[in-house]
Amino acid sequence: ESVTAAAVLRSAAALAAAALALRAAGMGRAPRAALWAYYAVVLAPMLGLLQNGEQAVALRYSYLSCLGWALAAGAGAATLERRAPAAARALGGAVLLALTLGSWRQCRAWRDDVSLWTSAVRALPASAELRSWLGVVLFQAGRAAEAESEFRVAAAARPTARALNGLGVSIAVQGRA
């Protein structure tokens with residue numbers, strides 16, 4: 001699947017900002033290297049470099065790769081609390097609000113199967129695999145016409161058994177065999 005240049009640039013900017021923050025906070029070279037090494041190793045399953053099933057990415061592993069950053073942020077917050085308590089509380093509140101809003105947004109995507117696969121297709125609209133799975137869950141939800149549309153897009157991109165079978169079944173269920 002293709003990843004947009006904008007997504008790569010956002011990720012690179014976030015990593016550069018994290019690296020600068022660690023350095024500005026006075027974290028030594030060895031702890032920074034250890035953090036980056038940990039991050040790279042535990043990020044591999046999330047990116048699909050080490051496959052555990054049929055997926056493009058595995059968000060379920062994101063908590064592992066973020067653990068090191070959470071520990072570094074906690075250490076930074078403790079240092080800031082000692083130096084500037086009011087600023088630390090304000091920053092902590094802002095971070096808590098941002099994380100709360102991010103969690104709320106992500107939970108909407110995980111509300112049900114249709115929401116999950118719709119969110120996945122929104123992230124990678126050219127993915128025939130994701131569109132096939134969205135077709136499956138739409139069909140299971142009794143939404144055969146919408147499922148047919150997803151199966152058509154999937155079959156046009158990559159005519160797999162799932163896409164073609166789903167397309168045929170969704171058309172037949174609508175009485176257009």
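This is a predicted model: local features need pLDDT of at least 70, side-chain atom pairs count only at pLDDT 80 or more; totals for chains, interfaces and linings use all residues.
The secondary structure of the protein consists of eight helices and zero strands, and the order along the sequence is accordingly written α-α-α-α-α-α-α-α. Of the 177 residues, 27% count as buried. The protein exposes about 11,500 Å², of which 67% is supplied by carbon and sulfur atoms. Among contacts with a separation of 6 or more, 39% join residues 24 or more positions apart.

The packing of two helices is considered next. Two packed helices are described by the angle between their axes and the distance between the axes. The axes of helix 3 (residues 62-83) and helix 4 come within 6 Å and cross at roughly 140°. Helix 3 is therefore oblique to helix 4, since only angles over 145 degrees would count as roughly antiparallel. Helix 3 contributes Leu-80, Glu-81 and Arg-83 to the contact, while helix 4 contributes Pro-85, Ala-87, Ala-88, Arg-89 and Leu-91.

Leu-91 also takes part in a nonpolar surface patch of about 280 Å², together with Val-95 and Leu-99. Leu-99 lies in helix 4, which spans residues 85-109. Because its relative accessibility is 56%, Leu-99 counts as exposed, the cut-off being over 50%.

When neighbours within four places in sequence are left aside, Ser-132 is in contact with Phe-151, Ala-154, Thr-160, Arg-162 and Ala-163.

Methods:
Residues are numbered from 1 along each chain as its sequence is written. Side-chain values use heavy atoms; hydrogens and water are left out. Patches are made of residues with over 30% relative accessible area and no salt bridge: like charges are joined within 9 Å, nonpolar side chains (Val, Leu, Ile, Met, Phe, Trp, Tyr) within 5 Å. Accessible areas come from the Shrake-Rupley method with a 1.4 Å probe; for residues, only the protein chains shown count as cover. A salt bridge is a side-chain nitrogen of Lys or Arg within 4 Å of a carboxyl oxygen of Asp or Glu. Helices (H or I, at least four residues) and strands (E, at least two) are DSSP runs, numbered from the N terminus. Buried means under 20% relative accessible area, exposed over 50%, partly exposed in between (1.4 Å probe, protein chains only). Axes are lines fitted to C-alpha atoms, for helices over the stretch in contact, and angles run from 0 to 180 degrees between N-to-C directions. Angles under 35 degrees count as roughly parallel, over 145 as roughly antiparallel, 65 to 115 as roughly perpendicular and the rest as oblique. Contact means heavy atoms within 4.5 Å.
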